[in-house]
Amino acid sequence: PLSLHDALPILEQSSPVLNIRKFRLSRFDHYELLGSGVYPLRPDDSLHLNLSGHGNFLTMFSDMTKYFQESSSSGTFTAKISGTPSNPVLEAARLNISDGKLKLQSVIPPLSDIHADVEFEPEDQFLHIKTLTGEMGGKPFKISNQLAGDAVADVELENLVLGGSGINLGVLELESTDQGVPLNISGLMQPGVYGDFVFVGRTDRDKFYFAGPGTSPRLRGSIHLYHMQFMYPFLEGTQKPSPIIAELLENMQWDLSVTPEQDVRYIRSFPGVVDKVYVNMQIDRQYSTLEFTGKVSDESFRINGHVRSTNGFIEYLGMNFRIERAGAEFDKSGLIPVVYGQARTTVTDSVGIPTQVMLTLQTVDETMPKRQADDIVREKQGRARWNHIRFKLSTDNPNLGSSEEQILAALGYSTGSLQNTAFDAIGLSTENILFRPLFRPVERTLENVLGLDYVRFSSRFTKNIIDFNLNNLINKGSNIPLIAISSKIPVKDRKSVV
């Protein structure tokens, strides 16, 4: 509501004005502005207004876009406006905020302990953020800015001037401590799962910059990642950014380096031949850095660099494959990376003979629809673009067969009936088929809680738990029916292979 007090119109034939001794503008009990001055009734006559106020000015962000949600703060504001009604001029302004809290829709966790000192400097139309500090998800951050001519950088930077207002934000600088700040990048990370981002300059002389021009802002700096889980390709169905953010990302000039430092993992599920493939691998720091350059809107955006892993596992067909090597290389020819990888596991038959089973990324031969590439060709093309690869099983044991279908059948899987599982005639362990789906969710929970790379219950442990529960049911005279599983092994022989 807006209320006017002691507003006296002075009507003169030469220059009618509204002499306002005092007026008050309030925003639903969030903040209040008080003002006084002279407001001419002719659009080209001189204007003089003085403003002051107090309250929660952070609520202005939620007025602009729904991306900003709940807020609270204690703030003060002063301003002086001159010029004319048709062309007002901001002569001076200052905003102070303390004890601020702000909840955002995505990407950034709740902000707290916000303190800011912002002053408008009319000489350069510069909105000077002298200090803006706070905590992002409990971790400290700092934002400030300066004019482009004062910024120290190895490249020339431009001021960020906002559209029609002409407000000059200069060059924004983002700083974090060695702890970083938690962020969740939509599509790249699971919703609600945060990683720690440390923002530093591209060189020792630089800081992390967000600069102009306003039509195509420039993001320049380096990001070091800690305790992060990411996915590729991007997770579909995630919430789309607001039109303002989408336009910003489309037109932004990227000049960014990203390096995984500690506990950065690639986690993703993919469809396989007869089962989902679950990949969980740790990215090697010493061999992994990505450079982001260019702009999306003019199709010059590129990712250049390499990520590699020699530690992790892949779950497929209830088995755990240890990663030997895996990686992706991005180059300037396009956005689809060249990938490679191999993992292996050991299975043991009923007489204790071990067999190596390998899971390898293989090139898809598009000239032979629905047929795999020849092994000789595959060896020569062991690296392929992401959209031209698939997972393939192989083994060093000829008794399991030479084709993938024969290996699957030997492992207890029928490609003709993907929903039915058959035990192998040579007596491979039934643990993967019976017990792994039951215990793997518990093991993954322990991995996350204890911060371990991999947790696995032994086959004897899982067997004892199942036997214990079955015996309890039998002793209690339970009438709960047991589900029979299709098998080539007679029921009386099953205990010997569990």
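Guide: Rings of Phe, Tyr and Trp (its six-membered ring) pair if their centres lie within 6.5 Å; planes under 30 degrees apart count as stacked, over 60 as edge-to-face and the rest as tilted. By that rule, Tyr-31, Phe-57 and Phe-77 form one aromatic cluster.

This is a predicted model, where local features need pLDDT of at least 70, side-chain atom pairs count only at pLDDT 80 or more, and totals for chains, interfaces and linings use all residues. Residues are numbered from 1 along each chain as its sequence is written, and side-chain values use heavy atoms, without hydrogens and water.

The structure holds eleven aromatic pairs. One of them joins Phe-199 and Phe-208, edge-to-face, with 4.8 Å from centre to centre and 75 degrees between the planes. Phe-199 and Phe-208 are both buried (under 20% relative accessible area; exposed is over 50%, partly exposed in between, with a 1.4 Å probe and protein chains only).

Trp-254 and Phe-301 are edge-to-face too, because their ring centres are 5.9 Å apart and their planes stand at 65 degrees. Trp-254 belongs to strand E15 and Phe-301 to the loop between E17 and E18, so this pair ties together parts that are 47 residues apart in sequence. (Strands are DSSP runs of E, at least two residues, numbered from the N terminus.) Trp-254 and Phe-301 are buried as well.

E15 (residues 253–271) pairs with E17 (residues 289–294) in the antiparallel sense over five bridges; two strands pair if DSSP finds at least two bridges between them. Across from Ser-257, the bridge partner in E17 is Glu-291. E17 also pairs with E18 (residues 302–309), antiparallel and over five bridges, and there Leu-290 stands opposite Gly-305 of E18.

Asp-255 forms a salt bridge with Arg-202, whose closest N and O atoms are 3.1 Å apart (a side-chain nitrogen of Lys or Arg within 4 Å of a carboxyl oxygen of Asp or Glu). Asp-255 counts as buried at 11% relative accessibility, while Arg-202 counts as partly exposed at 26%.

Definitions and conventions
Helices (H or I, at least four residues) and strands (E, at least two) are DSSP runs, numbered from the N terminus.
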